[in-house]
Amino acid sequence: MTQQDLHNQRLLKEAEQKVMHQHTRRHFIKESAMGLGALALGSMFGSCGNSSSSTTANLFDAANPLAPKAPMFPGKAKSVIFIHMAGAPSQLELFSYKPELAKLDGLECPQSLLEGKKFAFIRGVPKMLGPQANFRQHGQSGTWMSDYLPHLSTMVDDMAIINSVTTEQFNHAPAQLLMHTGSARLGRPSMGSWVTYGLGSENKNLPGFVVLTSGGNNPDAGKSVWGSGFLPSVYQGVQCRSEGDPVLFIKDPAGMDRDLRKASIDAINKVNQQQYEEYKDPEILSRIAQYEMAYKMQISVPDVMNINDEPAAMHEMYGTSPGEASFANNILLARKLVEKGVRFVQLFDWGWDMHGDSSGNAVNIGLVNKCRKVDKPITALLLDLKQRGLLDETLVVWGAEFGRTPMRENREGKEMLFKGRDHHAEAFTIWMAGGGIKGGVTYGETDEIGYSVVSGKTEVYDIQATILNQLGFNHEQFTYESQGRPFRLTDVSGKVITDILA
Amino acid sequence: MIVLFIDFLGYFHPVLVHLPIGILLLAGLFQFMSRSEKYKSLKPAIGISLFWGMLGAIASCITGFILSRSGDYDGDLISTHQRFGITVAIVTIVAYSLNKKNNPAAQWSIALMVLLVIITGHLGGSITHGSDYLTKNFSLKKDEVANKRKPVANMQEALLYHEVVQPILESNCYGCHGPNKQKSKLRLDDPDFIMKGGKNGTIIFAGNVDKSKMIERLLLPLSDEDHMPPKEKPQLSKNDIEVLKWWVENGADFHKQVKDFPQPDRIKPVLLAMQSGEQKSAVSPTSIPLTNVNAGDKNAIEKLKERGVSIFSVAQNSNYLSATFVAVDGITQSDLNLLEQLRDQLIWLKLGDTKINDEQLKTIAKLTALTKLYLERTGITDNGLQHLKALSQLQYLNVIGTNISIKGIGQLKQLKKLDQLYVFQSGITGNDFRKMQSMFPTALIDNGSASMAFLQSDTVVINEPIFVP
């Protein structure tokens, strides 16, 4: 028997004693009474409940939760990069070309548009605000795009632009939750969690669902937008940083070498294993798997998150500079992660909430600067995925939680110093590229001022259904049993936008 | 005119029948209750209810007979219902007269009458709501509701009529043109009936889609009165209609398998979608083979998994496999031997960033089902690439970041299906790239020439609004 075995044995004994120690007479009496009750209840309810419904059985292998799994049908996309502009940029300055709105600039908004509507900040009668950007047609498809995104407009023939998205929420946090979890309230799993639950990860050394944030803040809805909800916690997004340690506490503490770390993790897992044998709680198995994953990630994550080794031409193309927490760095990382088999990369860039309350939040100043920071990296991502033969199997989604009003914001009913737009849930733009999406498509129309959808109305659920479809899932059949009923990402709605599929 | 009016009377049957049912059951109830001392006073009511119930039963018989001649209903069920209905009327008459004469046998005839009313009512219900109406919620098959068809497991091997066409008809048409109802005297639940047609004549002309009324009705706009199924009923999907058209076009055959028929390009994605049950064919029909294979060797798959290879089916109901070595450090000959055991199943293989060498490519060349092969950033050379000539199904080849030259890639010229080639950061540049394009004239070739224009504005941060004319 080696030193280590002896040590482990002692540890197990200690754990056992600890449990015994906490087990008082009261526990014993309580458990005996409860046990009897449970036995009776169990026999009473044994015949009902969901244990028999094999069709909706959750496909969760606790011992190996991230093992790759087959999709329902051969999906075109293997992975997803979801680029979320937190705060919601104005569609009227970027994708939705509204020449009529320019003619109405400065006129008072007609009452008919305001009746029965609620706005976050607009009060009284606001004035209309014409588009602040110049629009031109681009590519063979002749897609309209603004000069705020000069690089991205060269890619229109690879993109499907959906100008008719609507949401149910006009405040950031609930709208972000709705976009990513299918519910405006907390507690549902995020899209990335659903996808890793359904498909597992192709790389056992990396998490299946990685989150990268930039812009100085996390999204308003907090970490719940990449939470796992009622799915096993192993499927929640792992937030990585492009500055400093990629994952907090990923380095071994001073004085602890890798062998010792391995030995301690093995010992902890032994104790956990023993607990599992006793209680049979599958969460314990996932905990064991997570410890092992964390150990492997200590090597693999710093490696994949290191962009120093990328050639200068790549840095030039993406506009990256290693070591900062920038959107460009995150985009380059997203490509690297996808290349390494990560299933779902979720990017959030904060600071797109252009209310016009400062120059940095003006649609004709701050928005331009913000666009310049993302235009090049996003374009580089599409080009780079393409030249690496990965665009076909990587679905890139760009979007936000809602859009902006064609009216100029008048906070407290007064004219503001800078030009801004208020939150608008009734019409905004999301685009997709790669992963079996048709290029050069503009889908859906809004009225001539971009206020509401005229044709091709697309709900948030439709976006989610389409993403799942591209990965090989029928969103109506992809469910998880929780609290006695099956749940789906798209709740009771959603239809695949077949017009944008290749 | 008179005939029309009589037909019109027939439509009152479903309303009228409820009167005798209610009244006669009430008569039974009165009879039962009046046996006790407390309710003795109900006795005279028995005769009254029997009388009105009798009139109702006779009226129901007459209207029912008229309705049955319309031919919209299933013959067998109708005739049983009819016989029972007439019996009810007769027994009621008998019960009424016995009761009038205060004959003690009256109570037995009333009991018989009640029993017959229940049976007849049930039979009538079966005709309108379907014979499984009462029990369908108890039966194990309750999940198989209309329009939820199971995907076909193996489309090419499937019998075109029995496994593809019939389920479409069953879930969309049998309701009105099946065993229980035959609207317009048309039945679609049997080949003979289908070919016979309905009261408007033949509905299918084998090989002639344009003449076939069935297809015409399906294709009429929803607003058209003659459109089928009626607009309030669930509609056929585009794929369903496409398949029916294809079936009629090829002779409306009832016996052959799908693979026996010519499959033009427009039908391939439709068949594939029906096989997998997806909403729209997300995969172009060439990227996963249409034919099915047997399951791969479980043992080999398990062993590869133990090695850290990510290997799994490309879809839940498919035996084709995808394998990724992204988390495996070194690739060994034993790994390759295991892959070889799965050569019929393996269609996608990712070996990027591994230490695969030219010698090992010889084994890769035996994996002849491969359609996608990733060899990016590996040490392979032109010498090894020549073995891949054997991969006749290959559509996608990724050799970015390798030393492959134009000579090496030229060896794959004869791979007719190869239509995506990625050669970024390889030995193929400039002139060679143009040569390569002429070698693979129809393929998409990317040598990574992607570049972005330099724009002055990229690095400038503005403080003033930019000018908009």
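This is a predicted model: local features need pLDDT of at least 70, side-chain atom pairs count only at pLDDT 80 or more; totals for chains, interfaces and linings use all residues.
Among the elements of chain B, the lowest mean pLDDT, 78, belongs to helix α11 (residues 268-276) of chain B, and the highest, 95, to strand β4 (residues 372-374) of chain B. Chain B as a whole averages a pLDDT of 85, with 93% of the residues at 70 or above.

Next, select residues 279-286 of chain B, where the pLDDT is below 50. For the complex, the predictor gives a pTM of 0.72 and an ipTM of 0.85.

Return to strand β4 of chain B and pick B:Tyr374, which lies in it. B:Tyr374 counts as buried because it has 24 C-beta neighbours inside 10 Å, the cut-off for burial being 20 or more. Show its contacts: leaving aside residues up to four places away in sequence, B:Tyr374 touches B:Leu349, B:Lys350, B:Leu351, B:Gly352 and B:Asn398.

In soluble globular proteins, nonpolar side chains tend to be buried together. The largest core here has 180 residues, and those touching the most other members are A:Ala160, A:Ala334, A:Val345, A:Val397 and B:Leu346. Select helix α11 (residues 366-387) of chain A to see the largest share of this core, ten residues. Then centre on A:Val397: not counting residues up to four places away in sequence, A:Val397 touches A:Val80, A:Phe82, A:Ile83, A:Ile430, A:Met432 and A:Ile467. Another core, of 27 residues, lies apart from the largest one; B:Ile204, B:Val258, B:Ile267 and B:Leu272 are among its members.

Finish with a helix pair in chain B. Select helix α12 (residues 298-306) of chain B together with helix α13 (residues 333-341) of chain B; their axes are 9 Å apart and the packing angle is about 145°. The crossing of α12(B) and α13(B) is left-handed. Show side chains at the contact: α12(B) brings B:Ala300, B:Lys303 and B:Leu304, and α13(B) brings B:Asp335, B:Leu338 and B:Gln341. By class, this contact has three nonpolar, two charged and one polar residue.

Note on methods
Residues are numbered from 1 along each chain as its sequence is written. Chains are lettered from A and ligands numbered from 1 in the order in which they are written. pLDDT is the predictor's confidence in each residue, from 0 to 100. Helices (H or I, at least four residues) and strands (E, at least two) are DSSP runs, numbered from the N terminus. Two residues are in contact if their C-beta atoms, placed from the backbone, lie within 7 Å. A residue is buried if 20 or more other C-beta atoms lie within 10 Å of its own, exposed if 12 or fewer, and partly exposed in between; C-beta atoms are placed from the backbone. A nonpolar core is a set of buried Ala, Val, Leu, Ile, Met, Phe, Trp, Tyr and Cys residues joined through C-beta atoms within 7 Å. Axes are lines fitted to C-alpha atoms, for helices over the stretch in contact, and angles run from 0 to 180 degrees between N-to-C directions. A crossing is left-handed if the near helix is turned anticlockwise from the far one by less than a right angle, and right-handed if clockwise. Ala, Val, Leu, Ile, Met, Phe, Trp, Tyr, Cys and Pro count as nonpolar, Asp, Glu, Lys and Arg as charged, and the others, Gly among them, as polar.
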